[in-house]
Amino acid sequence: MAAIERIRRSDPRMIPVLTLKHLSELTGSPYGYLRRRVGRLLSNYRRVWLKKRVPGRNRRRLISIPPKDLLLVQQWIAQNILCYTTPSRASFAYHPDSSPVLAAQEHCGCQWLLKVDIEDFFHSVTERQVAAVFFRLGYPRLLAFELARLTTMMVESPTLLRGSQTLRWPSIPYYQADYEGVLPQGAPTSPMLSNLVMRDLDERLLALSAQHGMRYTRYADDLAFSTLESCDRKDIDRFKRLVLIELAREGFQHNRRKTVIRGPGARRIVLGMLVDGAVPRLPREFKDMLRLHLHYLSSTDHGPSAHALHRRTSVSSLYHHVRGLIGWAVSVEPDFGGRLLDQFNAVDWPPVQPRWVQRLERK
């Protein structure tokens, strides 16, 4: 009863879970399967490598897709526990009130802009940090550890090897592992767990920013700091060092190529939007790219089929790609995006399959 009361103090809507066997009953998953998962005897995530547009230490991004049985458990955890949690006020991703446009609005009219990107964000969040999240929500310490094992994956990397016995469970030899798990990018629980792991760091960075007259927002692994006041480049450099120290304290490394400072006279862009004015705006090159797409799509000499052939893709993929870009334009600049959407709808498109049909055909 004390454990249930602790969980309900976090949020009355959160489902109390007391043991791994209890979780088995609630999710309909066999207890033996969950226990093997916690013991790291199963690791059949499907891995997909995607090329990064702006590489850091790695040129490819690892997407780890959980198997169906584990996916159902993770979805239950996301829908019955994590959806009732609240990230920090600096976070603008992975929750219902989040929006990249709202994040960019916080920095409109800034004089100086500091952008910091966290290297391999999801893989930098360890099972120890995830277990601490569940424990703070009120779940028993052992179950918090087991929930962390169910929502992380083991990556055999020397940088994740943990020799300290304080991170093990000597009383449960079945649960011991040589490597500490990390958040898989591709699991339904990972986005909100990353937000909750970052909550304390967000609060420290908010306090640090307030002390130096800066504004701070975070969209996943993209951290942005700005000031409306005129100041010296040396002041921004000193503030940057303080931010990197706070990141290092939590075990995060910054991506040097994507960590930049922009001052007066330079273009200040946050999450793909210009913030040097009163409201976020789309960059000129993005608008020109969309106009070029629509020119070829509407032209009688080209059209959708010829344009798709030139880009070495299918008409269906081209349709969804351009429609997605216009959707982004509508969210940032509704008037401009609305005009492009009218032109897009006037294009003489051949029959286009929905995305889920394309996925079935690929399978």
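The protein chain has a mean pLDDT of 89, and 90% of its residues reach 70 or more. The model is predicted.

**Sheet**
- Four strands make up an open sheet, in the order β6-β7-β3-β8.
- Their pairing is antiparallel.
- The edges are β6 (215–219) and β8 (260–262), each of which pairs on one side only.
- From one strand to the next, the twist averages 15°.
- Strands β3 (residues 112–117) and β7 (residues 222–227) run antiparallel and are joined by six bridges.
- Within this pairing, Val116 stands opposite Leu223 in β7.

**Helices on the sheet**
- Helix α9 (residues 199–211) packs on the sheet and touches β6 and β7.
- The direction of α9 makes about 155° with that of β6.
- Helix α10 (residues 233–249) also packs on the sheet, where it touches β3, β7 and β8.
- The direction of α10 makes about 25° with that of β3.

**Nonpolar cores**
- In soluble globular proteins, nonpolar side chains tend to be buried together.
- The largest nonpolar core here holds 62 residues.
- Ile81, Phe134, Tyr139, Phe225 and Leu247 touch the most other members of that core.
- Helix α7 (residues 141–150) gives the most to this core, with six residues.
- Leu247 is in contact with Val116, Ile118, Leu201, Leu223 and Phe252, leaving aside neighbours within four places in sequence.
- A second core is separate and has 27 residues, including Leu297, Ala308, Val315 and Val322.

**Ser29**
- Ser29 lies in the loop between α2 (20–27) and α3 (31–38).
- Ser29 counts as buried because its relative accessibility is 10%, and buried means under 20%.
- Not counting residues up to four places away in sequence, Ser29 touches Ser24, Leu34 and Val73.

Note on methods
Residues numbered from 1 in each chain as written. Predicted model: local features only at pLDDT ≥ 70, side-chain atom pairs only at ≥ 80, totals over all residues. Heavy atoms only, no water. Core = buried A, V, L, I, M, F, W, Y, C linked by side-chain atoms within 4.5 Å. Buried < 20%, exposed > 50% of the residue type's maximum accessible area, 1.4 Å probe, protein only. Helix = DSSP H or I, 4+ residues; strand = E, 2+ residues; numbered from the N terminus. Contact = heavy atoms within 4.5 Å. pLDDT = per-residue confidence, 0-100. Pairing = 2+ DSSP bridges. Axes fitted to C-alpha atoms, helices over the stretch in contact; angles between N-to-C directions.
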